[in-house]
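Biologist: I would like a close look at one part of this model. Please take it pair by pair, then show what packs around it.

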Amino acid sequence: MSKFLEGNGRWGTKFISPEHRDQLNELNDPDKGASQKVPQQILIMVRDSVLLPIMMTVVENNRLEIERSNHSLKTLYSAAANTLLNAIHTDLAGIRKELREHHIKVIEEERVDDAAHYKFYYRGYEHKFALMRFLVRSEISTRLGKYIAQLEKHFSGLIHKK
C-alpha cells in the first residue's frame, strides 16, 4: 500500500469482516491464545485414554484365540495375556482418574476409512484430534512390546528366585 492509503483507517475495516477481525485479534493476542493451548502431558493422557482400550481389545481377542486353539502351552499363554490385560487395565484406570481430576472428557466423533476422529473438552474449550489407523497400529505394537518386556522381566525374576 502507498503511504497515502496506509494511515487513513479506511483499508483496515473495508476488507475484513468483524468475525475475521476478531479471529485475527485472538491469534495475535498472546494472552487469549494461552488459555486454549493444551499442555503436552494432557495430550499424551488423552491419546492414551483412546489407545489403551484398543490395546485391551487386541490382547483380549488374542487371548480368546489362544484359548480356542490346541496349543500345548495355551494355559501359559492365556495366563500371560491375562497378566498383560491387568497391567494395561491398571494404566488405563490411572489415566482415567487423572482425566477426571483435570475435568477432561474425551468423546469419539466418527470413524472414517483411515482415521478415528475424537474431541475432548479441556478448561472449557473443545479440542479435536484424529488418530490415523496406521499410527494406531504402530503405537499399539510398540507399547505391547514394552508391556511384554515388563512381563518377561517379571516372569524371569520369578523363575530365578526359585
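Which residue in β3 stands opposite H117?

Modeller: First, the basis: this is a predicted model, where local features need pLDDT of at least 70 and side-chain atom pairs count only at pLDDT 80 or more, while totals for chains, interfaces and linings use all residues. Residues are numbered from 1 along each chain as its sequence is written, and side-chain values use heavy atoms, without hydrogens or water.

A130 stands opposite H117. Strands here are DSSP E runs of at least two residues, and helices are H or I runs of at least four, each numbered from the N terminus. Two strands pair if DSSP finds at least two bridges between them.

β2 and β3 form a hairpin, with two residues between them. In its turn, R123 has a positive phi of about 55°.

The rings of Y118 and F129 also pair across these strands. Y118 sits in β2 and F129 in β3, 11 residues apart in the chain. Their ring centres are 5.4 Å apart and their planes lie at 20°, so the pair is stacked. (Phe, Tyr and Trp rings, the six-membered one for Trp, pair with centres within 6.5 Å; planes under 30 degrees apart are stacked, over 60 edge-to-face, the rest tilted.) The whole structure holds two aromatic pairs.

Now step back to the sheet. It is open, with three strands in the order β1-β2-β3 and antiparallel pairing. β1 (105-112) and β3 are the edge strands, each pairing on one side only. From one strand to the next, the twist averages 25°. Helix α5 packs on this sheet and touches β1, β2 and β3 (contact means heavy atoms within 4.5 Å). The direction of α5 makes about 55° with that of β3. Such angles run from 0 to 180 degrees between N-to-C directions, with axes fitted to C-alpha atoms, for helices over the stretch in contact.

α5 (residues 40-68) has a helical partner too. Its axis and that of α6 (residues 74-101) come within 9 Å and cross at roughly 160°. The two are therefore roughly antiparallel (over 145 degrees; under 35 is roughly parallel, 65 to 115 roughly perpendicular, the rest oblique).
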